[in-house]
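Please open the structure in your viewer and keep the sequence beside it, as this tour moves from one selection to the next. Each stop says what to select and then what is there.

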Amino acid sequence: MKTPRIASVASVRHPRRIAARAAALAVVVTMGLAGCTATAAVVDPSGVSEADKRGGELIYLDAEIPTSAQVHDSGTWQTRALQQNITDRLIYRNAETGEFEPWLAESWEVSADGTVYTFVIREGVTYSDGSALDVASVKRNLEWQAFGDPEKAISPNPVFPAELAVTTDAAANTVTVTLAAPYAPLLGVLTGWASGLVADATIDATREDQSLFVNLIGSGPFVVESEVYGKEVVLKRRDGYAWAPPSSPNQGEAYLDKVIVTPIQEDSVRLGSIKSGQADLIRYVQPTEEDALADQGFHIVSRSGVGLTNQWIIKQSAPFLDDVNVRKALQSGINRAKIAEDLYTDNWSVASSVLSPGTFGYKDESALLAYDPAAAVELLEQSGWTALNSEGYRIKGGETLSVLTYLDVYDNTSRALFQAIQVQLAEIGIELVIKEIDYSSYWATAFDDPEVGVLRVGWPHPDPIGLNEYYAGGKGGLLTLDSDDAQLDALLAAHVTATDDAEREAALGALQDYLIGQAYVLPILDDSQVYVAAPRLQGFSLSDGALPQYYNAWIAD
């Protein structure tokens, strides 16, 4: 698979051409055309001046409609992608090295017992409404994240520590967070999109107003110029931006004048738009399209973000799945390598744990996830599933060994993926029934259906604390266990309260051993995000969580 890297530039794009492309895009969107034109070669990056990078509009077609901009509700991918470019965080994690770097916090110290964090706040930073991003603002943001706003029915950020006290020293320009107990995920959490700092105007707004992107006032390199729900969000360059993370190639204002984000849910329209030159960037193509696009000179930009892999939770309240042998049979009966080979490109990879490689504490669990249909059959027979019906599915006591799922609406490759797994499980006598439902009602319907046995979850996340979001809660959690699992709860707590990296890494390893050893979850693939960029788009990159970063990007026409 050819995966050319975004390289460089020749000159800025002519404004009249921008207007013409924008108008043409509207036609394509309306009519659903899918034109194809040849594309230019990648430009040699050497000798490109900062001035030559300046200007131009990036037209980006996302596969989904952004939802609420309210910070604590920002769970969808397309919403995170906007937040990522509008707000800044205290700490930056370098996507290439995985290291924490200073950002709005120039430095920080953590007490030996893991309960006191002291941040030195960068001076001279402002929000886009002109208000100061000072120690008082940081304090208010941290408390807002930790406690929410009950009067406005705004919940706390679920990955923030629940008990903390924040104090400031204006003379020293420091903010000190004192925790009731050690909380090892904190630094990682502070790097994430959901920890973006916002101005008082945003926090003071009503919940309804906070849901609008035009009211998301951050200190980031872009500000929201306009939005039309479901149609378009326009970001424009923030004048005077000068506080990028130190490792950023660009230390000044963003190069692009604007980024026009348009949700286009139809795959063929997005594909046709970028092929015909009417868009610069799209998210999601079918893997079968990637090679051809790369051969035509498009950049395939992909990353498997840190955090949780693409994994199927097993709801044990569903029929037959409280039997560990059945769960383990599901685990051994899925040939992940064949799925990757048959359906995907090398921009995708087989999951080797519940955490992605590169995530802190990741442990390779490939041995436990090895494809072994003979072992799967033996496990099923140990549990009495010895007879087969006329369709080849196992039966016991008049019941068919059938597992229900819903097609994942958040992944455009899910239909082929689910069907491939359906075929593989049929080979060991397990029927996988796949239902479909529309995007708007997927979460409520699929997760509330008591008959559902497996559901796809897992997104890039700034810290392994995402495991606790999914797997804590015992009987009332996503796993719907028959009773609380004290061992699981202890393992989930252990990595959170660890006070040094080695202790936390060991705890996370034991947690991964347990989740997979008990077959509580079926890791399938690492969670890749795949973008297609026109050759004229240069400098575009993805964050550690595989979110788009426009700050260093420019147009080379």
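Which residues in helix 10 meet which residues in helix 12? Before selecting them, keep in mind that what is on the screen is a predicted model.

**First stop: helix 10 and helix 12**

Select residues 324-332, which form helix 10, together with residues 373-382, which form helix 12. On the helix 10 side the meeting residues are N325, V326, K328, A329 and S332, and on the helix 12 side they are P373, A376, L379, L380 and Q382. Sorted by class, this contact has 6 nonpolar, 3 polar and 1 charged residues. The two helices pack with their axes 8 Å apart and at an angle of about 165°, and because angles over 145 degrees count as roughly antiparallel, helix 10 is roughly antiparallel to helix 12. The crossing of helix 10 and helix 12 is left-handed.

**Second stop: A367**

Now select A367, which is placed in the loop between helix 11 (336-343) and helix 12 (373-382). A367 has a relative accessible area of 75%, so it is exposed.

Move on to residues 486-497, helix 16, and residues 501-517, helix 17, which pack with their axes 8 Å apart at an angle of about 150°. That angle makes helix 16 roughly antiparallel to helix 17, and their crossing is left-handed. To show the contact itself, select Q487, L488, L491, L492, A494 and H495 in helix 16, which meet R504, A507, L508, A510, L511, Y514 and L515 in helix 17. By class, the contact of helix 16 with helix 17 has 10 nonpolar, 2 polar and 1 charged residues.

Two residues can be selected here, A153 and N157, in the loop that runs between helix 4 (135-147) and strand 6 (164-169). Is N157 buried or exposed? N157 has a relative accessibility of 5%, so it counts as buried, whereas A153, at 55%, counts as exposed. The side chain of N157 makes a polar contact with the side chain of Q145 at 2.7 Å, and, not counting residues up to four places away in sequence, N157 touches H72, Q145, A194 and S195. A153 has a positive phi of about 60° although it is not a glycine. Most residues other than glycine have a negative phi.

Y284 lies in the loop between strand 11 (281-283) and helix 9 (287-295), and with a relative accessible area of 6% it is buried.

**Last stop: R237**

Finally, select R237 in strand 9, residues 232-237. At 13% relative accessibility R237 counts as buried, because buried means under 20%. The side chain of R237 reaches the backbone oxygen of A254 at 3.4 Å, and a polar atom of that side chain lies 3.1 Å from the backbone oxygen of L256. Leaving aside neighbours within four places in sequence, R237 is in contact with R54, G55, P221, F222, E253, A254, Y255, L256 and D257.

Technical notes:
Residues are numbered from 1 along each chain as its sequence is written. This is a predicted model: local features need pLDDT of at least 70, side-chain atom pairs count only at pLDDT 80 or more; totals for chains, interfaces and linings use all residues. Side-chain values use heavy atoms; hydrogens and water are left out. Helices (H or I, at least four residues) and strands (E, at least two) are DSSP runs, numbered from the N terminus. Buried means under 20% relative accessible area, exposed over 50%, partly exposed in between (1.4 Å probe, protein chains only). A polar contact is a pair of N or O atoms within 3.5 Å; within protein, one must be able to donate a hydrogen and the other to accept it, and residues adjacent in sequence count only if both atoms are side-chain atoms. Contact means heavy atoms within 4.5 Å. Axes are lines fitted to C-alpha atoms, for helices over the stretch in contact, and angles run from 0 to 180 degrees between N-to-C directions. Angles under 35 degrees count as roughly parallel, over 145 as roughly antiparallel, 65 to 115 as roughly perpendicular and the rest as oblique. A crossing is left-handed if the near helix is turned anticlockwise from the far one by less than a right angle, and right-handed if clockwise. Ala, Val, Leu, Ile, Met, Phe, Trp, Tyr, Cys and Pro count as nonpolar, Asp, Glu, Lys and Arg as charged, and the others, Gly among them, as polar.
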